[in-house]
Amino acid sequence: MKLAAVTVDGVRRAGVVDEAEQSIALLPATVDDIVRGRPAGARGDVLPLAEVRLESPLHRFNRDILCTGWNYLDHFEESKGKREGQDPGSLPERPTFFTKGPDTVIGPADDIAYDPGLSTKWDYEAEIAMVIGRDGRSIPEEKAMDHVFGFLVANDVSLRDLQRAHGGQWLKGKSVDATMPLGPWLTTADEVDDLANLQVQCEVNGRLLQNASSGQMAFSFARIIAELSQGMTLRAGDVILTGTPSGIGSAREPQIFLQDGDVVVTRVSGLGELRNTVKLTRG
């Protein structure tokens, strides 16, 4: 099932997307409620997808977005010597985690709020996001996927100079409001046939800059959950980003950074596509 979020007559609703028919069947509950165990209810009105504006599937967050860094080995290698003195001594043996504020989240077609006064190095990062659907603490790796409700597409837009300016931690450079597209819908885990064969791509102005398989991840989805949950309860509704592949702008020669008016397309095979425009936003 593919669950999207729309607002109809001033009320936010979940809807079941039929890609073949290009339609959405409205539900009485929200996606946030369904993820947390509320029955979806009977399907109601069916609307053409072309007539609705999809929002971020999730709006009610338990905490910051949980994120995984350096999870594609080619991405780790491409940035060696380009981290402004903040390179780790060696390849991490366990997943690297950080968070980004929930106010970063925007919908699959919303504008990315671009403020060059904050940074001159706005970078793109196509990622697969997973959503927890069942609480758990110290979850064994072999049972980790039982706790996943579904998957989405995300772009972890990062302000590289801001990221480097605060002692090497990543929170600030990745937590600017209205900069992380999420969606276009939440695909339930049972509809994803092969987690090791999802194609992750990012285009900027029609140029393909990232293109990799989830099979290239250093740490699997299950390993990420097992490591993250050690001593720390994961709760239904938590969103976890799983890392970006190579091709980021700051590692290219010459470097490529996002500018006002750029169109960023982020897609993952089977999970859908985000299409966002970088828009000048001051203050």
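The centres of domain 1 and domain 2, taken over C-alpha atoms, are 25 Å apart. Domain 1 covers residues 2-55 and domain 2 covers residues 65-280; these bounds come from an automatic or database domain assignment.

A word on the model before going further. It is predicted, so local features need pLDDT of at least 70 and side-chain atom pairs count only at pLDDT 80 or more, while totals for chains, interfaces and linings use all residues. Residues are numbered from 1 along each chain as its sequence is written, and side-chain values use heavy atoms, with hydrogens and water left out.

## Where the domains meet

Let's look at the interface. Here 12 residues of domain 1 are in contact with 16 residues of domain 2, contact meaning heavy atoms within 4.5 Å. About 1200 Å² is buried between domain 1 and domain 2, and carbon and sulfur atoms give 59% of that area. Buried area is the accessible area (1.4 Å probe) that two parts lose on being put together, summed over both.

Two salt bridges are counted between the domains, each being a side-chain nitrogen of Lys or Arg within 4 Å of a carboxyl oxygen of Asp or Glu. Elsewhere on the list of salt bridges, or among these, you can find the side chains of Lys2 and Glu191, at 3.9 Å from N to O. On the side of domain 1 that touches domain 2, the elements giving two or more residues are β1 (2-8) and α1 (31-35). The residues on that side are seven nonpolar, five charged and no polar; Ala, Val, Leu, Ile, Met, Phe, Trp, Tyr, Cys and Pro count as nonpolar, Asp, Glu, Lys and Arg as charged, and the others, Gly among them, as polar.

## The chain as a whole

Four helices and 18 strands make up the count for the chain. These are DSSP runs numbered from the N terminus, with helices (H or I) of at least four residues and strands (E) of at least two. The C-alpha trace spans about 55 × 45 × 30 Å along its principal axes.

The radius of gyration is 18 Å, which agrees with the value near 19 Å that a compact globule of 283 residues would have. That radius is taken over C-alpha atoms, and the globule rule is 2.2 Å times the number of residues to the power 0.38.

## Backbone spots to look at

Two prolines follow cis peptide bonds. Gly183 and Pro184 are joined by one with omega of about -10 degrees, and Pro184 is found in strand β13 (residues 180-188). Glu253 to Pro254 is also cis, with omega near -5 degrees; Pro254 sits in the loop between β16 (239-241) and β17 (263-268).

Gln22, a residue other than glycine, has a positive phi near 50 degrees. Gln22 is in the loop between β2 (11-18) and β3 (23-26).
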